[in-house]
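The exercises below ask you to read aromatic pairs and helix packing from a structure. Try each task before you turn to its solution.

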Amino acid sequence: MKKPILVMSIAAGLLALSSCSSATSTTAGKIIAETKVGSVTEDDLITELKANYGDQVEEALQSVLLTKILSKEFKVNEKEINEEINKDKEKMAEQFDQAIQQSQYKTFENYKRGIKLSLLLEKAAKKNLKISDEDLKKYFETWQPEIRASHILVLDKETAKEVKAKLDNGGSFEKLAQEYSNDEPTAVWGGDLGWFKSGEMDPKFEEAAYKLKVNEISSPIETVHGWHIIQLTDKKEKESFEKLRKELEKKYVLDHADPNEIISKALKESNIKVKDKDLKITFDTILKKVSEKDTTKK
């Protein structure tokens, strides 16, 4: 439901492991599992991943290399990473661990790598933007405080009407979410989405949620995900400009920067040469786009 800043493949951890150890591996590759009928090497595993999960391996290679490239110019420390993790923990509360397991990250370490890469991209984007106080103050005028909501997601309008009728007749939102909702990670928690702010959800969903009063339940709302029934469960007060300044800068960067342009530029300037024949085309599409853009500018 929430929009990811950057998708990191579940194979990233394995690919990172392979790239780190390849310098000391034998030609057959480092053995990672042994049985009485034979062994499995890192090379065997990477070959299997490339054969069956090619797109994910390419995404993993992009993530690993992009992190290395951006880390040469920009620095992200543990404190910054932990601050972002703690924000997610505050939003998700007891759902935090389960949310990671059911996301594209699967493990906490992959999730942490994703946080680091997102912060690196943010710093690269901020470097290219000149943000004035006037820009931020105008942005502040449109700023909406965080809200907390629950939802029940179904696939068709008729089911949505059925659920809404049961709610109107006194049905429990939590129990109906557990029974009907197709959003499995939130259904087990009675539909709770945790805290979120403007720009983190589907625009139609946000528009409906922000119009509600606390404890009010919406009529069925259609988005690209299906049909939602939303309950606003809490809302924060809008803080002062000075208190929000750091967060405003961060959000301003995310809203105004083009991450694809930043990624393309970083990759082009790094002069990448992919040695693996199966992965040679990994960056072709990205680099072709930036080359076409440069040609158009001329």
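Helices here are DSSP runs of H or I with at least four residues, numbered from the N terminus. With that in mind, note that the model is predicted, and that its chain holds 14 helices and six strands.

**Exercise 1. Describe the aromatic pair formed by Phe108 and Tyr111, and state how the two residues are placed in helix α6.**

Step 1. A pair of aromatic rings is described by the distance of the centres and the angle of the planes. A search of the whole structure finds six aromatic pairs, and one of them joins Phe108 and Tyr111, with 5.8 Å from centre to centre and 50° between the planes, which is a tilted arrangement.

Step 2. Both residues belong to helix α6 (residues 108-128), and because they are three residues apart there, about one helical turn separates them.

Step 3. Phe108 has a relative accessibility of 35% and so counts as partly exposed, whereas Tyr111, at 6%, counts as buried. The cut-off used in this step is that buried means under 20% relative accessible area.

Step 4. Phe108 and Tyr111 also belong, together with Phe96, to one aromatic cluster.

**Exercise 2. Work out which kind of pair Phe140 and Phe241 form, and which charged ends sit over their rings.**

Step 1. The ring centres of Phe140 and Phe241 are 5.7 Å apart and the planes stand at 85°, so this pair is edge-to-face, given that planes over 60 degrees apart count as such.

Step 2. This pair links distant parts of the chain, since Phe140 lies in helix α7 (residues 133-141) and Phe241 in helix α12 (residues 241-256), 101 residues apart.

Step 3. Phe140 counts as buried because its relative accessibility is 18%, and Phe241, at 11%, counts as buried as well.

Step 4. The charged end of Lys238 sits over the ring of Phe140, 4.4 Å from the ring centre, while the charged end of Lys137 sits over the ring of Phe241, 5.8 Å from the centre of that ring.

**Exercise 3. Find how α7 and α12 are oriented to each other, and name residues that meet between them.**

Step 1. The two axes come within 9 Å and cross at roughly 95°. Angles of 65 to 115 degrees count as roughly perpendicular, and α7 and α12 are therefore roughly perpendicular to each other.

Step 2. On the α7 side the residues that take part include Lys137, Tyr139 and Phe140, and on the α12 side they include Phe241, Leu244, Arg245 and Leu248. Phe140 and Phe241, the two partners of the edge-to-face pair, are thus among the residues that meet between these helices.

**Exercise 4. Describe the packing of α3 against α6, including the angle, the handedness and the contact.**

Step 1. Helix α3 (residues 54-73) packs on α6 at an angle of about 50°, and the axes are 10 Å apart; α3 and α6 are therefore oblique to each other.

Step 2. The crossing in which α3 passes α6 is left-handed.

Step 3. Among the residues that make the contact are Ser63, Leu66, Thr67 and Leu70 of α3, and Leu117, Leu120, Leu121 and Ala124 of α6.

**Exercise 5. List the buried residues of helix α13, and say what share of the chain is buried.**

Step 1. In helix α13 (residues 259-269) the buried residues are Ile262, Ile263, Ser264, Ala266 and Leu267. Just after α13 comes Asn271, which takes a positive phi of about 55°.

Step 2. For the chain, which has 298 residues, buried residues make up 41%.

Methods. Residues are numbered from 1 along each chain as its sequence is written. This is a predicted model: local features need pLDDT of at least 70, side-chain atom pairs count only at pLDDT 80 or more; totals for chains, interfaces and linings use all residues. Side-chain values use heavy atoms; hydrogens and water are left out. Rings of Phe, Tyr and Trp (its six-membered ring) pair if their centres lie within 6.5 Å; planes under 30 degrees apart count as stacked, over 60 as edge-to-face and the rest as tilted. Buried means under 20% relative accessible area, exposed over 50%, partly exposed in between (1.4 Å probe, protein chains only). A charge sits over a ring if NZ of Lys or CZ of Arg is within 6 Å of the ring centre and within 35 degrees of the ring normal. Axes are lines fitted to C-alpha atoms, for helices over the stretch in contact, and angles run from 0 to 180 degrees between N-to-C directions. Angles under 35 degrees count as roughly parallel, over 145 as roughly antiparallel, 65 to 115 as roughly perpendicular and the rest as oblique. A crossing is left-handed if the near helix is turned anticlockwise from the far one by less than a right angle, and right-handed if clockwise. Contact means heavy atoms within 4.5 Å.
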